[in-house]
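I opened this entry to keep track of what I looked up. The structure comes first, and my notes follow.

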Amino acid sequence: MPLGAELARRRRKGYRLWTPDMVRAMQAHPERSAAEIAALLGVTPSSVRHARQRYGRFGGGTGMLCIACDSRPVFDTSAQAKRWGLCKGCYLAERKRRLEEEAESNRIRQAAHRKRAE
(Lines give C-alpha, C1' and ligand atoms only; values in the text may rest on other atoms or scores of the structure.)
Protein backbone atom coordinates (compact mmCIF):
# COMPACT_ATOMS: atom_id res chain seq x y z
CA MET A 1 0.00 0.00 0.00
CA PRO A 2 1.46 3.40 -0.93
CA LEU A 3 2.28 5.73 1.92
CA GLY A 4 -0.34 8.31 0.83
CA ALA A 5 -3.18 5.79 0.95
CA GLU A 6 -2.05 4.60 4.38
CA LEU A 7 -2.01 8.17 5.70
CA ALA A 8 -5.43 8.86 4.17
CA ARG A 9 -6.87 5.83 5.94
CA ARG A 10 -5.43 6.94 9.27
CA ARG A 11 -6.86 10.45 8.87
CA ARG A 12 -10.46 9.34 8.38
CA LYS A 13 -12.15 9.80 11.72
CA GLY A 14 -14.74 7.23 12.65
CA TYR A 15 -13.63 4.78 9.96
CA ARG A 16 -14.17 1.16 10.99
CA LEU A 17 -13.27 -1.95 9.06
CA TRP A 18 -16.10 -4.45 8.68
CA THR A 19 -15.38 -7.57 10.69
CA PRO A 20 -16.70 -11.00 9.64
CA ASP A 21 -19.09 -10.85 12.63
CA MET A 22 -20.52 -7.55 11.39
CA VAL A 23 -20.99 -8.97 7.89
CA ARG A 24 -22.77 -12.06 9.27
CA ALA A 25 -25.03 -9.85 11.42
CA MET A 26 -25.89 -7.72 8.37
CA GLN A 27 -26.58 -10.77 6.17
CA ALA A 28 -28.67 -12.44 8.89
CA HIS A 29 -31.33 -9.73 8.44
CA PRO A 30 -31.69 -9.04 4.69
CA GLU A 31 -35.25 -7.78 5.21
CA ARG A 32 -34.14 -4.89 7.45
CA SER A 33 -33.31 -1.46 6.10
CA ALA A 34 -29.82 -0.01 6.07
CA ALA A 35 -30.78 2.41 8.85
CA GLU A 36 -32.00 -0.41 11.12
CA ILE A 37 -28.83 -2.43 10.61
CA ALA A 38 -26.68 0.68 11.07
CA ALA A 39 -28.30 1.34 14.45
CA LEU A 40 -27.73 -2.30 15.43
CA LEU A 41 -24.04 -2.29 14.45
CA GLY A 42 -23.09 1.28 15.33
CA VAL A 43 -22.17 2.35 11.78
CA THR A 44 -23.75 4.72 9.26
CA PRO A 45 -26.52 3.66 6.86
CA SER A 46 -24.21 4.57 3.99
CA SER A 47 -21.64 2.15 5.36
CA VAL A 48 -24.26 -0.61 5.42
CA ARG A 49 -25.24 0.11 1.79
CA HIS A 50 -21.60 -0.07 0.71
CA ALA A 51 -21.08 -3.28 2.68
CA ARG A 52 -24.16 -4.81 1.02
CA GLN A 53 -22.65 -3.99 -2.36
CA ARG A 54 -19.31 -5.47 -1.35
CA TYR A 55 -20.42 -8.57 0.56
CA GLY A 56 -23.97 -9.09 -0.70
CA ARG A 57 -27.31 -8.72 1.00
CA PHE A 58 -27.62 -12.47 1.60
CA GLY A 59 -24.98 -14.84 2.93
CA GLY A 60 -22.98 -16.70 0.31
CA GLY A 61 -22.84 -20.45 0.08
CA THR A 62 -24.71 -22.25 2.81
CA GLY A 63 -28.40 -21.48 2.90
CA MET A 64 -28.50 -20.42 -0.75
CA LEU A 65 -30.72 -22.41 -3.11
CA CYS A 66 -29.87 -23.45 -6.66
CA ILE A 67 -30.83 -20.82 -9.23
CA ALA A 68 -31.93 -23.50 -11.72
CA CYS A 69 -34.13 -25.85 -9.68
CA ASP A 70 -34.72 -23.59 -6.64
CA SER A 71 -35.04 -26.62 -4.38
CA ARG A 72 -31.56 -27.89 -3.43
CA PRO A 73 -28.67 -26.02 -1.78
CA VAL A 74 -25.75 -24.69 -3.82
CA PHE A 75 -22.88 -27.19 -4.26
CA ASP A 76 -20.27 -25.47 -2.04
CA THR A 77 -17.37 -27.88 -2.52
CA SER A 78 -17.02 -26.99 -6.22
CA ALA A 79 -15.81 -23.43 -6.80
CA GLN A 80 -17.35 -23.31 -10.27
CA ALA A 81 -20.74 -24.64 -9.09
CA LYS A 82 -20.70 -22.12 -6.26
CA ARG A 83 -19.87 -19.31 -8.69
CA TRP A 84 -22.69 -20.39 -11.01
CA GLY A 85 -25.08 -20.80 -8.06
CA LEU A 86 -26.01 -24.41 -8.93
CA CYS A 87 -26.69 -27.53 -6.89
CA LYS A 88 -24.69 -30.68 -7.61
CA GLY A 89 -27.25 -32.21 -10.01
CA CYS A 90 -27.80 -29.01 -12.01
CA TYR A 91 -24.05 -28.33 -12.06
CA LEU A 92 -23.29 -31.80 -13.48
CA ALA A 93 -26.05 -31.42 -16.09
CA GLU A 94 -24.72 -27.99 -17.10
CA ARG A 95 -21.13 -29.27 -17.36
CA LYS A 96 -22.31 -32.19 -19.53
CA ARG A 97 -24.27 -29.82 -21.79
CA ARG A 98 -21.29 -27.49 -22.19
CA LEU A 99 -18.92 -30.38 -22.97
CA GLU A 100 -21.34 -31.70 -25.60
CA GLU A 101 -21.62 -28.25 -27.18
CA GLU A 102 -17.84 -27.91 -27.23
CA ALA A 103 -17.46 -31.35 -28.87
CA GLU A 104 -20.04 -30.43 -31.53
CA SER A 105 -18.31 -27.11 -32.14
CA ASN A 106 -14.96 -28.89 -32.57
CA ARG A 107 -16.51 -31.44 -34.95
CA ILE A 108 -17.93 -28.68 -37.16
CA ARG A 109 -14.66 -26.72 -37.12
CA GLN A 110 -12.60 -29.79 -38.04
CA ALA A 111 -15.01 -30.75 -40.84
CA ALA A 112 -14.70 -27.25 -42.28
CA HIS A 113 -10.91 -27.45 -42.03
CA ARG A 114 -10.84 -30.83 -43.83
CA LYS A 115 -13.05 -29.42 -46.58
CA ARG A 116 -10.62 -26.52 -47.15
CA ALA A 117 -7.63 -28.92 -47.22
CA GLU A 118 -9.12 -30.98 -50.08
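**Cysteines**

I looked up cysteine 90: its sulfur is 3.5 Å from the closest cysteine sulfur, in cysteine 87, which is too far for a bond. A disulfide is a pair of cysteine sulfur atoms within 2.5 Å. By this rule I count 0 disulfides. Cysteine 69 is in no disulfide either, and the nearest cysteine sulfur, that of cysteine 66, is 3.7 Å away.

I noted that this is a predicted model, where local features need pLDDT of at least 70 and side-chain atom pairs count only at pLDDT 80 or more, while totals for chains, interfaces and linings use all residues. Residues are numbered from 1 along each chain as its sequence is written, and side-chain values use heavy atoms, with hydrogens and water left out.

Cysteine 90 is buried, with a relative accessible area of 17%. Cysteine 69 is partly exposed, at 28%.

**Cores**

I then looked for a nonpolar core, meaning a set of buried Ala, Val, Leu, Ile, Met, Phe, Trp, Tyr and Cys residues joined through side-chain atoms within 4.5 Å. The largest has 11 residues: Trp18, Met22, Val23, Met26, Ala34, Ile37, Ala38, Leu41, Val43, Val48 and Ala51. Helix 2 (20-27), helix 3 (34-41) and helix 4 (45-55) each supply at least two residues of this core. Helix 3 gives the largest share, 4 residues. I also found a second, separate core of 6 residues, including Cys66, Ala81, Cys90 and Tyr91.

For helices, I used DSSP runs (H or I, at least four residues), numbered from the N terminus. Contact means heavy atoms within 4.5 Å. Leaving out residues up to four places away in sequence, methionine 22 touches Arg16, Leu17, Leu41 and Val43.

Which residues of helix 2 are buried? They are Met22, Val23, Met26 and Gln27. Seen down the axis of helix 2, they fall within an arc of 130°, so they line one face of the helix. The arc is that of the directions from the helix axis to the C-beta atoms. On the other side of helix 2, I found Pro20, Asp21 and Arg24 exposed.

In helix 4 I found Ser47, Val48, Ala51 and Arg52 buried. These fall within an arc of 140° down the axis of helix 4, so they too line one face. Gln53 and Arg54 are exposed on the other side of helix 4. Helix 2 and helix 3 are among what covers the buried residues of helix 4. Just after helix 4, glycine 56 takes a positive phi of about 95°.

I looked up how helix 2 and helix 4 pack: the angle is about 95°, with their axes 11 Å apart. That makes helix 2 roughly perpendicular to helix 4, a term for angles of 65 to 115 degrees. Axes are lines fitted to C-alpha atoms, for helices over the stretch in contact, and angles run from 0 to 180 degrees between N-to-C directions. Val23, Met26 and Gln27 of helix 2 make the contact with Val48, Ala51, Arg52 and Tyr55 of helix 4.

**Arginine 95**

Last, I looked up arginine 95, which lies in helix 6 (residues 88-117). Arginine 95 counts as partly exposed, at 34% relative accessibility. Arginine 95 touches Gln80 and Trp84, not counting residues up to four places away in sequence.

Key. Buried means under 20% relative accessible area, exposed over 50%, partly exposed in between (1.4 Å probe, protein chains only). Angles under 35 degrees count as roughly parallel, over 145 as roughly antiparallel, 65 to 115 as roughly perpendicular and the rest as oblique.
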